[in-house]
Amino acid sequence: MEVFRLGELRHLLVTVFLSGLAEYLIRPVMTDVTVAAVCSGLDDSCSLAVYLTGVQQVTVGMGTMVMMPVIGNLSDRYGIKAMLTLPMCLSVLPPAILGYRRDTNFFYAFYVIKTLFDMVCQGTIDCLANAYVAKNVHGTKRISMFGILAGVSSISGVCASLSARFLSIASTFQVAAISLFIGLVYMRVFLKERLQDADDDDEADSGGCRSHQEVHNGGDLKMLTEPILRDAPTKTHVFNSKYSSWKDMVSLINNSTILIQALVVTFFATFSESGRGSALMYFLKARFGFNKNDFAELFLLVTIIGSISQLFILPTLSSTIGERKVLSTGLLMEFFNATCLSVAWSPWVPYAMTMLVPGAMFVMPSVCGIASRQVGSSEQGKVQGCISGVRAFAQVVAPFVYSPLTALFLSENAPFYFPGFSILCIAISLMIGFLQSLLIKDHPSLPLVNITINNPSKAEA
């Protein structure tokens, strides 16, 4: 059974890799394509390109903030495979447009279509992939699979970065579109909605799923905790279908203090990560004169270290010290990383600080693992959609805070000389997330939470 599960997850990992490869392929060339398409001269090249990119980021962020919980809820009702088909179909068209032509008219067509499609597509594949893992993997192996999933995404970034150096701009978009199309076909052909048909009988004998044995005696309680139900139409629905997805989210969150704490940590971690993404690059360019080659080397080093951490270190740590301690350790490492970068005194400091990169790679897999334990398998889409919605909200808010702050302290009008002040503020935000993570308890187990949320009358009895 375990071999079968890993084989099915391998199909999911291939799908995530192909979609991630397409996404990371496009990123390095978009700046040059945007400037060439919309800017007529050197004087206005920066302002118009930056303006368009900023509007797109905010618009997409607001859209995904609303859509992620909805998609997560729909995946619980109609299946993850069906919901994966939509974003993967929509994602093929934008790179295909620029793969054909990249003049001004085609660029604006790409810009409008990608903005609209990304409101549904951006982050959806990762969200649904996490929900798929949470539905089908249980016990201590779940966080390991979250780490492997994130590691495969990082590996796709490494492959894309290396490939982009040898591909022309036109070929880059064409390869991205082909990769997405192959991923779509592969997912539809090979990925199964459920990993096994006879899991009900085998699950009670699995050493990694002891929590399911604790409620095996009650027929109704067993149905609530089984990851795969044979009679899908007769399963217990947690929420009445007349409720909206947002009401489902509120109801779900209100029943779990641990889930609320995990979402708070998610906000501060993503808020810091999004702010550091742009602030650090501008800081390094202004402070040490970093150029695109320096950034490419740094990004490649970070991605390689991150992939190794997620694939090998995270599974070992999670099984040794537990998800909550891994989360706190990761946030603490990120805090020290941001603090040291804010006072960087030499160009080698950012390279040396990549030693602490594993901390950033530990955070979200740990959060997903903790949150997934708070609900049953029929609600994993809602939980992962809620996490993605909070991440999208943080990504929208971060530029409004850190971009002006970075610009101010890198300018001559700074109230005091501290070029890395915005990065220090990011470190403070990470410390808040770290302190919140210390409040998260290692319990309760999933079956007890399901009883409380899904059937309070039986819990009281």
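How far apart are the end C-alpha atoms of residues 392-410, and how much of the span is helix? I looked this up in a predicted model. The end C-alpha atoms of this span are 27 Å apart. I noted 95% helix and 0% strand for residues 392-410.

Entry on the record. I checked UniProt, where an unreviewed entry gives the feature "transmembrane region" at several places, including residues 392-410 and residues 145-167. Others in that record are 83-100, 173-191, 252-271, 295-314, 326-345 and 416-435. For residues 145-167 I found 87% helix and 0% strand, with 32 Å between the end C-alpha atoms.

Entry on aromatic pairs. I searched the whole structure and got 16 aromatic pairs. One of them joins F271 and Y402, with 4.9 Å from centre to centre and 45 degrees between the planes, and I wrote it down as tilted. F271 sits in helix α12 (residues 257-288) and Y402 in helix α17 (residues 380-409). The two residues are 131 residues apart, so I recorded the pair as a link between distant parts of the chain.

Entry on two helices. I next took helix α3 (residues 80-100) and helix α5 (residues 124-136), which pack at an angle of about 165 degrees with their axes 10 Å apart. An angle over 145 degrees counts as roughly antiparallel, and α3 and α5 are therefore roughly antiparallel to each other. I noted their crossing as left-handed.

Which residues of α3 and α5 meet? From α3 I listed I80, M83, L84, P87 and M88; from α5, T124, I125, L128, A131, Y132 and K135. I sorted the residues of this contact into 9 nonpolar, 1 polar and 1 charged.

How values were computed
Residues numbered from 1 in each chain as written. Predicted model: local features only at pLDDT ≥ 70, side-chain atom pairs only at ≥ 80, totals over all residues. Heavy atoms only, no water. Axes fitted to C-alpha atoms, helices over the stretch in contact; angles between N-to-C directions. Helix = DSSP H or I, 4+ residues; strand = E, 2+ residues; numbered from the N terminus. Parallel < 35°, antiparallel > 145°, perpendicular 65-115°, else oblique. Left-handed = near helix turned anticlockwise from the far one by under 90°. Contact = heavy atoms within 4.5 Å. Nonpolar A, V, L, I, M, F, W, Y, C, P; charged D, E, K, R; others polar. UniProt positions renumbered as here; feature names shortened; annotations may be inferred. Phe/Tyr/Trp six-rings, centres within 6.5 Å; stacked < 30°, edge-to-face > 60°.
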